[in-house]
Each structure stands twice: as structure tokens, then as C-alpha cells.
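Take a moment to turn the model around and get used to following the chain. Then we'll walk through a few spots together.

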Amino acid sequence: MLPELLALEKILEQGAPHLDVQVVRQVQVASGEQFPVYAIGVGNPALDVPAVGFFGGVHGLERIGAEVVIAYLQNVVMRLQWDTTLHRQLEQVRLVFMPIVNPGGMWSATRANPRGVDLMRNAPVDAVDRVPLWVGGQRVSAGLPWYRGRLGDPMEAESQALCEVATAQLLARPFSMALDCHSGFGVKDRLWFPFAHTRKPIAHLAELHALQEIFWQAHSHHQYIIEPQSAQYLAHGDLWDHLYLQACQTQSTHTFLPLTLEMGSWLWIKKNPRQLFSRNGIFNPLINHRQQRVLRRHLSLLDFLARAACSHARWAPAPDQRAQRRADALAAWY
């Protein structure tokens, strides 16, 4: 059994009175063993309240992403036993968790799912500009990294599960956000927002700029670089591009802000170069005290997003402010 899955199921047992738990898929690995893909909800289920979703384990090698989401879920569950302020907050917001989207990949210690498909290259979105070779997604072979799947095939079961949960629990609401936790890029922690398939700015740039401002005000010593993913590289098949475009097309009056936390794992390698000789070491802090530090440092970000979603009416730009906000955002990011 996966240790992350065991830890998650223990938390689900502890929080059972407060949690809505679904098994949205069962994923089978080559040995025949099956693993559940859980979706967990807590807080007000009414679709007229805001929501924020927390996702991890999309890439099986990046275990630390799943562990960050599980750590925050544990924080919420344990606080529900005594924190009256949290209970009041959850009357006005819905929190959604998918901590281990790709349990088969995590079991086999691969980036892709058991069918060899990279879930973050699997959506039906093609980049409009040139992508970096291989990294941007390829259809040559499942035996090579960043495989998108065969042209015309439906999305993988895990990708479909994530999209179904996001569509039902996030996109259906007037305001929602998502945070997808990854690792493996650079020495700095980054918060990316769409697009990945084009360098064009998204429609909700004003809201993202306002969100950045209140985050800076509340966390003046934070370590994140906040930027569009296209500032670093373009890619085919990004799930969050797909969901954001879907949200704009089907719910034009709604606001959906998807973010990706890209933890800078090169810093862990810099401090412990021997990690280069381990596949897990390239994407995860292998030394225990560093892992604990990573779990602590990102907890405040996830809690901030829950509070920001709950209070979005207080910081989201009014219609007469959006043009200036967008101009400021274009100057800062583009």
C-alpha cells in the first residue's frame, strides 16, 4: 500500500463526521492491485458559495505535492475538533481535495499514469505557438516522457476524474480557485497561472493581479515567484488550460482561477547533490527535516487561498477597476 494513501485514509477516518468522501475512480496497476482516487469535500456544499480545490499527485514521481495537500487536509480535520472560527469559515466556503490524482504512477514511481500517459499533457488543448521539444508534449511513444496519448483517444481515467470533480465542484460556482501542487522546476517556488498553450493573457488577469496584491500584503516575506506558466515554457494538453477555457465558454459570468504550485526541487538537489542519483530525489526532499520544512512552509499558502476564496467579494476588482488592474497586470507579467 502507498504510505501517502494510508495517511490519507487515516485522516478520512478521523474526519468522517465532517467530510464528504467519494471514490471517483479505481486505478489498476500491472500487478493487478487497484488504488482508489479520492475526492473529498468539506464545508458548505451549496453551489452559490465560493470554493477552492487542492490537487496533488498528478505526477506520480512528485510525491511531495500529494503530501502538501494531505498535510493541509489533516490541518483542517484536526482543527474542526476545536476551532470555532474554522467552522464559521466553512459555512461560507467549500474546500475540495484530490490529494492523489495518479496513485498508479505514484506506486510505480513514474511521472505518467500506468498507461504511460503524462496527465498534464493529456487534455485536448494544442499549443498555438512552438513548444520545447519533448517537454511540451509528444505523441511518439508511451515509453518516452511527456507522452500525450494517442490522437483522438479519450482523456485518461485520472484526467477525466480531475476534470469531473473540478467541473462539478468548482466551475459550477460563481467564484472558485484551484491549486495543483507539483515539484521539479528550478530553485525557486513558483505560482503559475494559465495559459500554458499560448502566451496570450487570460481574461481574468485583473483578478489574479488583485489576488497577488493581497497575498503580498499578508505575506510580505513569502518565497514565491508569481507568473504565467508561458513565461517559462509552453506545452500541449494542460488540464488547467482546458478547464479554464471550458469555464469561460460555459459559465461566462463565473470566475475560475486555477494556480499551479511548482516547488523548486533543484534547491533540494543543490543542498544534497546525491539526490541526483535517485528518481525520487530529483523531485522530492529526501532528508526528513527538509520534508517537514517544505510541508510547513506551504501550509500558509493553502490556508490563504481558502480564506481568499471565502472573502473574494472584499478584494476582487469591481467592474470600474478591472481595466486599470488589467493594465497593471500586463505591465508586470507581459
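We'll start with a loop and then move on to a helix.

First, some ground rules: this is a predicted model, where local features need pLDDT of at least 70, side-chain atom pairs count only at pLDDT 80 or more, and totals for chains, interfaces and linings use all residues. Residues are numbered from 1 along each chain as its sequence is written, and side-chain values use heavy atoms, leaving out hydrogens and water.

Find Pro132, in the loop between helix 4 (103-108) and helix 5 (157-171); helices here are DSSP runs of H or I with at least four residues, strands are runs of E with at least two, and both are numbered from the N terminus. Pro132 has 31% relative accessibility, so it counts as partly exposed. That label sits between buried (under 20% relative accessible area) and exposed (over 50%), using a 1.4 Å probe and protein chains only. Leaving aside residues up to four places away in sequence, Pro132 touches Tyr233 and Leu234, where contact means heavy atoms within 4.5 Å.

Val140 sits in the loop between helix 4 and helix 5 too. Its relative accessibility is 61%, so Val140 counts as exposed.

Now jump to helix 12 (residues 322-333). Which residues of helix 12 are buried? They are Arg325, Ala329 and Trp333. Their cover includes strand 6 (189-193), helix 6 (205-218) and strand 7 (224-228). On the other side of helix 12, Ala323, Gln324 and Ala331 are exposed.
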